Amino acid sequence: MAAPTIFVLNGPNLNLLGTRQPEIYGHDTLDDIAARLVARGEQLGVDIDMRQSNHEGHLVDWLHEAQAEGAKAVLLNAGAFTHTSVALYDAIKAISTPVIEVHLSNPHTRETFRHKSYIGMAAKGTIAGFGPTSYMLALDAAMAL
Ligand code: CA2
C-alpha cells in the first residue's frame, strides 16, 4: 500500500525565501525546508508533496486536489493571502482534509494587518513563529491527527 501523502502548500513570495529579509524569515530556502520535511517524512512513513505558487487560484486548486487525492493533511503557509483570502477560507471549509496553518514569523507580533487570518478561522490549528521549525512542528501535528 502506498504511503499517505501530506501536501505542503506555500503562497506568494515564499519562492524568495533565503534570499531577502533574513532577519524576519531566516536563511533557509524553501528547498531547504522541503528537504528537511522529506527526510522526516521518510522516518514517519509519509510522502511530502511540497508546492509554491504566487497565484491564489493555484492554492485553491491544490486544496481541492488534496481532498481528491485523499491526502492525510495539508500544511498551508498562504503568505500574505492569509490576511486577505476569503477564497482560501472557503476552500478549506469545502474539504474534509485537515489543514494546518503554518507561518515562519509570528504575525501577531508584526503589523496589525497581519493579525487577522482567514486561514486560521478555518484551519484545524496554527503553528507560527518558529522559523523553518514551524513546518516540522506542523508535520508532527499532522501525524498526530
Ligand atoms: O511568516 C510567514 O510565514 C508569513 O506567512 C510570510 C508572509 C507574510 O505575508 C505573512 O504575514 C507571514 C510573507 C512571505 C514573503 O516571503 C518572503 C521571503 C523572503 C523575502 C521576501 C518575502
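How far from an oxygen atom of the ligand does a polar side-chain atom of histidine 103 lie? The distance for histidine 103 is 2.8 Å, a polar contact in the sense of a pair of N or O atoms within 3.5 Å.

This is a predicted model, in which local features need pLDDT of at least 70 and side-chain atom pairs count only at pLDDT 80 or more, while totals for chains, interfaces and linings use all residues. Residues are numbered from 1 along each chain as its sequence is written, and side-chain values use heavy atoms, with hydrogens and water left out.

**Ligand surroundings**
- Around the ligand there are 16 residues, of which Asn77, His83, His103, Leu104 and Ser105 come nearest, a residue being counted if one of its heavy atoms lies within 4 Å.
- This shell comprises seven nonpolar, seven polar and two charged residues, with Gly counted as polar and Tyr, Cys and Pro among the nonpolar.

**Polar contacts and burial**
- Asparagine 77 places a polar side-chain atom 2.8 Å from an oxygen atom of the ligand.
- For serine 105, an N or O atom of the side chain is 2.5 Å from an oxygen atom of the ligand.
- The ligand taken alone exposes 510 Å², of which the protein buries 95%, with areas from the Shrake-Rupley method and a 1.4 Å probe.

**Pocket**
- The space taken by the ligand is the largest pocket, where a pocket is an open set of points on a 1 Å grid over the protein atoms alone, with protein on both sides within 12 Å along at least five of seven lines, and lining residues have an atom within 4 Å of a point; a molecule sits in it if more than half of its atoms lie within 2 Å of its grid points.
- The largest pocket has a volume of about 380 Å³.
- Its lining has 18 residues, with Pro12, Asn13, Leu14, Tyr25 and Gly79 nearest the centre.

Technical notes:
Polar contact = N/O pair within 3.5 Å; in protein donor to acceptor, adjacent residues only side chain to side chain. 1 Å grid on protein atoms, 1.4 Å probe; cavity = no way out; pocket = protein on both sides within 12 Å on 5 of 7 lines; lining within 4 Å. Points joined across faces, edges and corners; volume = space filled by probe spheres on them.
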